[in-house]
Amino acid sequence: MKGIDFCTAMSYVSKEYIEEADKLRGMTVQKKNKAIKFACLAASLTIILFAGAVGAHRIYKGSKLKALPMLSVENDISNGNGFEGYLALNISELVSENPWDEAKSLKALPVYKNPVTYNKMQRPANADFDKMRERLKEIAERFGLSEQDYTISDDSPDEERKEVITKKLIDAGGIVPQGYFDPTYLIAETDSMTIKVFADLSVSIDFEPALELPKDIHCSFNSSYEDCLRAAEYFKAEFENIIGFSDPIININGGDRDIYGEQKLTVSFYDNSDSYLERILNYNFSTVTFSCYEDEKLHGIRIMSPDLTQKVGDYPIISVSEARAMLENGEYINDNNNDIKKIDTENVEKIELVYRQDRYFMPYYKFYVKSYDYHHEYQGQQLNTYIAYYVPAVKSEYLEPSQLWIGGFNSRDVG
Amino acid sequence: MTDELIVSLYWQRNEAAIKHTADKYERYLTVIAKNILNDIEESKECVNETYLKAWNSMPEQRPDALSAYLAAITRTTALDVYRSRHRSKRIPSELTSSLDELGNMLSAQGSPESELDYKQLARAIDKYLSTIPPQSRTAFIRRYYFFDSVKDIADGFGFSRSKVKSILFRTRQGLAEYLRNEGFTI
């Protein structure tokens, strides 16, 4: 469900509660409490990560170029919560350890097919539960758990719950759609943690109770870069087996601010490699992220491990300058689908190469463009908005011409 | 002028009802629209539309609490405007911040398909809200119904913003668990 749907449902909540809250609006009470330094960590500190090994990747050979399948460009960046923009005092606040380096030449990059598709109910249509089960066992082993220590179940409701839901749907004049009760993830619970493995093989580990951190380690939603770095060093040592990388690189990332000026940073890791290409792939597909809340305790670890076995091929890519020219020509995608406008590349303040995960796992140049349309202030200073625009890194001759992706590029009508 | 008298003017089809409504509630309604749209001109248009919709709905409606009645109209109108500019002109606002927060408790799965679905969900939300302390309930309604800023809510309670964020976080988590247990796909 999207947030806007939830807000619509809120239109129907009891008038009694609306009026109760309304009476307090406009009132101001003298603060009794000193401000708490660390605010709550939004549950949204979702993380990325991943642990699977990334195999060797053959680099494109010119003779094979024409054999490469055409790719479709997706334009589903939106998470339903607004355009992809970042608030920051300046661009240097937006940080990451992305290993991509504009100065290092890349002729081609691998593209993978995303093996997971979703049906109309947004449930995974082809989840591989055998792979998910293996993944779960592997993660449990990292915690020293044997199969006797936990039972694997899934999120499919029990018979009693199915009856309740079925009755509810029938009472509402509907029917239970086929597959409605099919499981979407696997779960293993112990006394102290829950491990979930999802169809995309991402893993969510939640500690209950949350794990105490040493007193000199401060990790919460709004911790400083230095505190995050200290926490990362601690996690790296204490959770070496869980992270599972031979040479983990600390990736303190994020740094954008909310409209109250509070900065958010995330502690993640990816695996180092002597190979530049593998470092790029590890950064994009193989990360482990730690989640601490306002109580400065470790609540969870997230591991994302997409299945990269369905490689489509190594595709020739364009240079940054070519991508910049495409951006200037409106040949980009971003979330302002209908807002096709010319981008002034003078306002580009940062460029990264990133993989986006849609139907394909494909590389894009991500341009951070300073916008002058939005204004926020933080302690008397102007907060700038940087909007993300994506230009496919794959040469356009390998992109489906019939795709009407917005932003101008390829938006021609193909009979 | 009292709300009762203003409502009476609507029922008498006396256009002075709109003037008195504006005198008393224009700022109040503009804040609600601006929380959603963060655009003063569009917010003013929403408020003007609110007067028209109030005029057209009374009678038959005879609201007990005029402010909440008008607030509901403004809120719905502004949300419609937000949806209409969904992809073309999204401006960061208290609504978009609220959506970010709600996104943390919602999955991408399923959406209500009819008014009945929304009402069923709202009834479940009501039930959950009846089980939590009034302070948490008020903070939740202010944030996700009126889209008041965390700062304003904190000022209203005399709390720090961190404390309000914490209350909202726990309420969202509790509500999400409750709804899932009730069989909702959220």
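Me: Two residues are in contact if their C-beta atoms, placed from the backbone, lie within 7 Å. So which residues does Val391(A) touch, not counting residues up to four places away in sequence?

Reply: Heads-up: this is a predicted model, where local features need pLDDT of at least 70, side-chain atom pairs count only at pLDDT 80 or more, and totals for chains, interfaces and linings use all residues. Residues are numbered from 1 along each chain as its sequence is written, while chains are lettered from A and ligands numbered from 1 in the order written. With those neighbours in sequence left out, Val391(A) touches Ala323(A), Met326(A), Leu327(A), Glu331(A), Tyr332(A), Tyr364(A), Tyr365(A) and Phe367(A).

Me: Which residues touch the most other members of the largest nonpolar core?

Reply: A nonpolar core is a set of buried Ala, Val, Leu, Ile, Met, Phe, Trp, Tyr and Cys residues joined through C-beta atoms within 7 Å; buried means 20 or more other C-beta atoms within 10 Å of a residue's own. Out of 76 residues in this core, the two that touch the most other members are Tyr389(A) and Val391(A).

Me: And which strand gives the most to that core?

Reply: Strands are DSSP runs of E, at least two residues long, and helices are runs of H or I, at least four. The top contributor, with eight residues, covers residues 360-378 of chain A and is strand β13.

Me: How many helices and strands does each chain have?

Reply: Chain A comes to eight helices and 14 strands. In chain B, the elements from the N terminus on run α-α-α-α-α-α-α-α-α, which gives nine helices and zero strands.

Me: What share of each chain is buried?

Reply: Chain A has 415 residues, and 37% of them are buried. Chain B has 186 residues, and its buried share is 49%.

Me: Which residues of helix α7 in chain B are buried?

Reply: Helix α7 spans residues 134-144, and eight of its 11 residues are buried, so it is largely enclosed by the rest of the structure. What covers the buried ones includes α1 and α2 of chain A, along with α5, α6, α8 and α9 of chain B. The buried residues themselves are Arg137(B), Thr138(B), Ala139(B), Phe140(B), Ile141(B), Arg142(B), Arg143(B) and Tyr144(B).

Methods:
A residue is buried if 20 or more other C-beta atoms lie within 10 Å of its own, exposed if 12 or fewer, and partly exposed in between; C-beta atoms are placed from the backbone.
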